[in-house]
Amino acid sequence: ASTDPEQLATTNAQIKESWKKLFPNTLYPGRLMEHDMVMALEHFDSVVILYTFLGLVVIIMSVSGLYSMVTLNLQKRTKELGIRKILGASLPHIVAQSSKLFLIIMVISFVIGSLLGSVMVNGLMDSIWEYYVAINFEVLALAITILFVIAIATIGYKIRKVAVTNPVDSIRTE
């Protein structure tokens with residue numbers, strides 16, 4: 001049953017009195033739903049803080065791993081990139097050749113990660129709450145956009161650094 005929000009305390013007291021008359025040996029289990037809602041919101045806030053922290057840690061680890069992969073790959077290809085520059089390859093061509101593999105890997109990881117991530121998050125939400133708002137396309141698109149910008153900045157920084165070096169120095173060092 002529902003009642004006027006201003007009459008909740010009075011109504012609860014009346015129900016408690018009626019309970020005592022009907023069930024004198026049993027404690028009254030009734031309470032205001034507001035307490036349950038406050039507890040649920042506190043729990044939800046804790047979950048949000050925890051998963052935000054874990055998300056930031058994962059992003060930092062992913063960026064450092066991507067940076068390391070790009071660095072190792074470019075170190076292996078230093079001589080090749082130097083020869084390409086000497087033979088007249090343009091800067092956009094060198095950037096495209098250097099970043100093609102990483103872009104393919106990123107697209108595959110975005111597709112697999114967004115599918116698995118949405119299934120896992122919806123499963124987690126379903127196990128905690130009976131009613132929730134499922135992940136939609138806009139949230140996935142925003143997450144992928146943020147990760148794409150971070151990845152492009154990481155890859156672009158390292159590739160630009162290699163692309164503007166003197167090609168003679170890159171060939172001479174190997």
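Colleague: Is Ser114 buried or exposed, and why?
Modeller: Ser114 counts as buried because its relative accessibility is 16%. Buried means under 20% relative accessible area, exposed means over 50%, and partly exposed lies in between, with a 1.4 Å probe and protein chains only. Please note that this is a predicted model, in which local features need pLDDT of at least 70 and side-chain atom pairs count only at pLDDT 80 or more, while totals for chains, interfaces and linings use all residues. Residues are numbered from 1 along each chain as its sequence is written, and side-chain values use heavy atoms, with hydrogens and water left out.

Colleague: Where is Ser114, then?
Modeller: Ser114 lies in helix α4. Helices are DSSP runs of H or I with at least four residues, strands are runs of E with at least two, and both are numbered from the N terminus.

Colleague: And what does Ser114 touch?
Modeller: Leaving out residues up to four places away in sequence, Ser114 touches Ser109, Leu140 and Ile144. Contact means heavy atoms within 4.5 Å.

Colleague: What about Leu101?
Modeller: Leu101 is also found in helix α4. With 46% relative accessibility, Leu101 counts as partly exposed. From C-alpha to C-alpha, Leu101 is 9.8 Å from Val70, although 31 residues separate the two in sequence.

Colleague: Which residues make up the largest nonpolar core?
Modeller: There are twelve, including Leu66, Val70, Phe102, Phe110 and Ala163. The elements that give two or more residues to this core are α2 (33–76), α4 (91–128) and α5 (137–163). A nonpolar core is a set of buried Ala, Val, Leu, Ile, Met, Phe, Trp, Tyr and Cys residues joined through side-chain atoms within 4.5 Å.

Colleague: What is Ala163 in contact with?
Modeller: Apart from neighbours within four places in sequence, Ala163 contacts Lys85, Leu91 and Ile94.

Colleague: Changing topic, how many helices and strands are there?
Modeller: The protein has six helices and zero strands.

Colleague: What are its overall dimensions?
Modeller: The C-alpha trace spans about 95 × 25 × 25 Å along its principal axes. The radius of gyration is 29 Å, whereas a compact globule of 174 residues would have one near 16 Å. That radius is taken over C-alpha atoms, and the globule rule is 2.2 Å times the number of residues to the power 0.38.

Colleague: What share of the residues is buried?
Modeller: Buried residues make up 16% of the 174 residues.
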